[in-house]
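Dear colleague,

Please find the structure below, handed over for your own work.

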Amino acid sequence: MFEKSISKMKLSDLMKATNDFSRENIIGSGRTGTMYKAVLEDGTTLMVKRLQDTQQSEKEFVSEMATVGNVKHRNLVPLLGFCMTKKERLLVYKHMPKGTLHDKLHVVNDVEKPLDWPLRLKIGIRAAKGFAWMHHSCNPRNIHRNISSKCILLDVDYEPKISDFGLARLMNPVDTHLSTFKNGEFGDLGYVAPEYARTLVATPKGDVYSFGVVLLELVTGEKPTSVAKAPESFNGNLVDWISQLSATSKLQDAIDELLVGKGYDSELFPFLNVACNCVLQAPEERPTMFEVYQLLRAIGQRYDFTTEDDVLVLSDSGNADQLELIVARDV
């Protein structure tokens, strides 16, 4: 299974491995379905995504699996296999032992320590690298549509891995269905670009907005839909709060207090500034995902988050949106 590009798996095996999709095995859930921890008889740990409301025929689903299974990048969760029945569509992924970025950022217990700044910066840079590859170098180029801190998983070394790659087409292969936005097609609350309510069209700049919210989570430690540090009278989301602070020249107050004064202050505000540019109201004013990666990479240049074999090749097209990012070891 691990040597092939993608494999078919039996429903009975996956049912047994997830303890019949028990609640105790749930890793996370979202618009596209629920992710379960699965343990095979030989002790191998996997993740199984139980899709909901897929719109494709069996033939189309198998074809899509072949396409998604052949896409390889260091910062994408590897798809290992799938299972298809009349009513079920299951995707099998390599297990990510550190869980979701959302759970690591918004710790609800006193056992785990909050992520320190170098680790947050590493996750931001490497995730940006994966999304930039999707937008600019993947063939075909891919819009994620559902970026959030829940779709960024972490391996044992806290290397970020993007999940739900290619699922936008699985959930709604025909983009002309104008009710898709109302049905949650374009992402989770707090992450959806403001123009989507008007245009109902997914774009790369919409992805940039959603990723900008993730970057805000990393540097502020706040959740996308609620802000613990905001006054009780405030009833907006994280982006609203950031906009309010920016308008009153108090943006510095947004930075997570756990990060301040630890020797990283010169990196925190530039990082926050990149995040703010990503969530600008006008899509044309936001950077491309490639530019986001370059800006973050510059902030983290004193660390070893990027190496000499990250070869960048730019296509001379004259259009910033057509910049191609080629990462030598990932292609």
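Helices here are DSSP runs (H or I, at least four residues), numbered from the N terminus, and axes are lines fitted to C-alpha atoms over the stretch in contact, with angles from 0 to 180 degrees between N-to-C directions. The model is predicted, so local features need pLDDT of at least 70 and side-chain atom pairs count only at pLDDT 80 or more, while totals for chains, interfaces and linings use all residues. Residues are numbered from 1 along each chain as its sequence is written, and side-chain values use heavy atoms, leaving out hydrogens and water.

The axes of helix H4 (residues 117-136) and helix H10 (residues 289-299) come within 8 Å and cross at roughly 155 degrees. The two helices are therefore roughly antiparallel (over 145 degrees).

In H10, Met289, Phe290, Val292, Tyr293, Leu296 and Ile299 are buried (under 20% relative accessible area, 1.4 Å probe, protein chains only). The buried residues of H10 pack against H4, helix H7 (204-220) and helix H9 (265-278).

A nonpolar core is a set of buried Ala, Val, Leu, Ile, Met, Phe, Trp, Tyr and Cys residues joined through side-chain atoms within 4.5 Å. In the largest one, of 79 residues, Phe131, Phe211, Leu215 and Leu296 touch the most other members. H4 gives the most to this core, with 11 residues. A second, separate core of 13 residues includes Tyr36 and Cys83.

With kind regards

How values were computed: Parallel < 35°, antiparallel > 145°, perpendicular 65-115°, else oblique. Buried < 20%, exposed > 50% of the residue type's maximum accessible area, 1.4 Å probe, protein only. Contact = heavy atoms within 4.5 Å.
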